[in-house]
Amino acid sequence: MSDFLDLILEPLQEVFLKFKVFLPNLLAMLVIMVAGILLAKVIRLMLVKSLNAINFDNWSDRVGMTTLMRKGDLWSKPTAALGAVIFWLLIIVTLMIGLSALRMHAIDNLVEQFFAYLPRAFSAAVILIVGSLLAGFISRAILIAAVNSGYHYSKLLAEAVRTLLTVLILAMAMEQLQIAPGIVLAAFSIIFGGIVTALAIAFGVGGIDAAKRMIERENGAEKKDEIEHL
Amino acid sequence: MNTVSLRSDVHEQIAKIAHADIVVGIPSYNNARTIGHVVRAVQAGLAKYFPTYRAVIVNSDGGSSDGTMEVVQKTSVEDFSVILLHHRIEPISKIAFPYSGIPGKGSAFRTIFEIAQKLDAKACVVVDSDIRSITPEWIELLVTPVLVGGFDYVAPLYHRHKFDGTITNSIIYPLTRALYGKRVRQPIGGDFGFSGKMAQFYLTKDVWETDVARFGIDIWMTTTAIANGFKVAQSFLGAKIHDAKDPGADLSSMLYQVVSALFDLMETYSTVWMPIRGSEPVPAFGFEYTVGLEHVNVNTARMLAMFREGLVNLREIWLDILGAGDFREVERLGELPDAEFDFPLSLWTRIICDYAIAYHRKKMPVAHLIKSLTPLYIGKTASFIRTAENMDAAGAEAEIEKLCIEFECNKDYLATNWK
């Protein structure tokens, strides 16, 4: 009878002992999670206040970041959006640290992979933000210069440049994230090359008359205005 | 304040001259074809009107490769008896050298100010090196108000074709007048007279590493003189005829250079212009006469096509800068047939104010902001040409006066939105 009881109690004891060993880890994880969430909230509050103090929203309006957000259907203020991004980033980091406190082999591997991937995700985010701002700046500069030169398809040209740059930026970001790099590279080459070839054919075939007019104008066939503007 | 580094031979020449009453500065860059005439006119003017004053002609060159400085050194009036009734007592010295610093007219002027300061000059004059219509009288008209009248700054007054100087007529003059309350008709004329005290004051300003050194010097000099309470006058010089300009010169770049310099000065002197309302004339010297001016070819249909092209393509940018109300008015303007196209003065005034406010609020990069004004400016110019087509010079001037009054009336709008 006692053997039979041992047979039942031993696994229970084992589970209890394992749980006793595991309990501090679980408690540590919970403490880390609670502290991390509180810390993330405090950091978000301080960050938003600091950003408001330096008029971050105005700066975002000026550099076109707000417009970029609106285009992406984000309607909160840039300050609040950045605060939320940082908050959730801290929550994810807290979760990973908390999980690593459980000292489980499978989770440890996952955490390690997460932290190894973090710099890549960060650089991809930077590429996307800076690239979008740069694409907006360049396409607007082209639009204004083309309009002032009297070019008829200014908007089309500016949009074509913006699209090409966006494709390039997306390919760079995906390459950074190591998402099927071979496919991304091939797809990028096909799309980019295709667009450039299509544009070359379109301008070459469709633009003969326009090019002729431009050359004639440059050669002085058309009489120039003689106003002295200054 | 940092001083410019002059070459040792220039230092030697300055030391040899020691003192001068009048310094005439001529900035140049590849002007060998025209600078000889300018130097001769200056020499004749100094000989004829200031024979007892010690004078120096300073050619501050931007590294010309066509022998501009050699032309300056070799040029002299061969026979003064043709233009003088008496012999000159004091000799006229000449210094020609390449200036150092950021390439631009402002750096050339800075060097001229430095030399004027070192020579303790009482009066200075600067004239463009490509002016074909300069006469010896220009020197008298720009120097006498300083030497005799006690003025610190003398701006030029020219007779120009009614379609010329459109950036000055539709933006620079009306806005400068409304802002600072002084009716200086040619704030960016390029040929100015000023006192030695004024030159020294210019040197105290820390602007020589900015765009002022590159291209904004004319409006900067005029505005600095007015905004700092110096005594300002203007002299009638006659016709202003330049050497033929580079036909490839880009209008939007020109607009950017001049308008950005003006808006930048609005930032510097916001406390000065904010309370000023209305304007007053400044004393004018010289005998005004009518001059024959060359015919100007202009194609308003093409200009209006460019305006409409801007309306289609720059819609979002204009909407952002002008706001929905004024943009709707611009849109309505674009729908009018060429024969009925008439840019309302009030709308143009508000557009310039809106651009100034957008510049102040840094709504977008400065070059994008101001270059996006080009089609609107072309539309306004076409409208002015249509209005003034059958007018004489006085009628065209009356139109500009109407625009100036409109700018003065809109000062509250500008001041309120600037804050």
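Visitor: So what share of the contacts in chain A with a separation of 6 or more comes from residues 24 or more positions apart?
Guide: 63% of them. Keep in mind that this is a predicted model.

Visitor: How many helices and strands in chain A?
Guide: 8 helices and 0 strands. Read from the N terminus, the order is α-α-α-α-α-α-α-α.

Visitor: And what percentage of chain A counts as buried?
Guide: 10% of its 230 residues.

Visitor: α10(B) was on your list. At what angle does α10(B) pack with α9(B)?
Guide: About 25 degrees, with the axes 9 Å apart. Helix α9 of chain B covers residues 217-227. Angles under 35 degrees count as roughly parallel, so α9(B) and α10(B) are roughly parallel to each other.

Visitor: Is their crossing left-handed or right-handed?
Guide: The crossing of α9(B) and α10(B) is right-handed.

Visitor: Which residues meet there?
Guide: α9(B) brings B:Ile219, B:Trp220 and B:Thr223. α10(B) brings B:Val258, B:Ala261, B:Leu262 and B:Leu265. By class, the contact has 6 nonpolar residues, 1 polar and no charged ones.

Visitor: Now the sheet in chain B. What's the strand order?
Guide: β3-β2-β1-β4-β7-β5-β8-β10. The 8 strands form an open sheet with mixed pairing.

Visitor: Which strands stand at the edges?
Guide: β3 (92-98) and β10 (284-285) of chain B. Each has a single partner strand, so one side of each is left without a neighbour in the sheet.

Visitor: How do β1 and β2 of chain B pair?
Guide: In the parallel sense, over 7 bridges. β1 is residues 22-28 and β2 is residues 55-61. One pair to look at: B:Gly25 has B:Val58 in β2(B) as its bridge partner.

Visitor: Which strands does helix α4 of chain B lie across?
Guide: α4 (residues 105-118) lies across β1, β2, β3 and β4 (123-126) of chain B. It runs at about 160 degrees to β1(B).

Visitor: What about β8 of chain B: how many of its residues are buried?
Guide: 6 of the 8 residues in β8 (residues 232-239), so the strand is largely enclosed by the rest of the structure.

Visitor: And how does β8(B) pair with β5 of chain B?
Guide: Parallel, over 7 bridges, with β5 spanning residues 153-159. There, B:Leu157 has B:Phe236 in β8(B) as its bridge partner.

Visitor: How many bridges join β8(B) to β10(B)?
Guide: 2, and those strands also run parallel. B:Ser235 is partnered with B:Phe285 in β10(B).

Visitor: Last one. Where is B:Glu329 found?
Guide: In helix α13 (residues 315-335) of chain B. B:Glu329 has 16 other C-beta atoms within 10 Å, so it is partly exposed.

Visitor: How far apart are the C-alpha atoms of B:Glu329 and B:Phe343, and what is the spacing along the chain?
Guide: The C-alpha atoms are separated by 9.7 Å, and the two residues are 14 residues apart along the chain.

Terms used:
Residues are numbered from 1 along each chain as its sequence is written. Chains are lettered from A and ligands numbered from 1 in the order in which they are written. This is a predicted model: local features need pLDDT of at least 70, side-chain atom pairs count only at pLDDT 80 or more; totals for chains, interfaces and linings use all residues. Axes are lines fitted to C-alpha atoms, for helices over the stretch in contact, and angles run from 0 to 180 degrees between N-to-C directions. Helices (H or I, at least four residues) and strands (E, at least two) are DSSP runs, numbered from the N terminus. Angles under 35 degrees count as roughly parallel, over 145 as roughly antiparallel, 65 to 115 as roughly perpendicular and the rest as oblique. A crossing is left-handed if the near helix is turned anticlockwise from the far one by less than a right angle, and right-handed if clockwise. Two residues are in contact if their C-beta atoms, placed from the backbone, lie within 7 Å. Ala, Val, Leu, Ile, Met, Phe, Trp, Tyr, Cys and Pro count as nonpolar, Asp, Glu, Lys and Arg as charged, and the others, Gly among them, as polar. A residue is buried if 20 or more other C-beta atoms lie within 10 Å of its own, exposed if 12 or fewer, and partly exposed in between; C-beta atoms are placed from the backbone. Two strands pair if DSSP finds at least two bridges between them.
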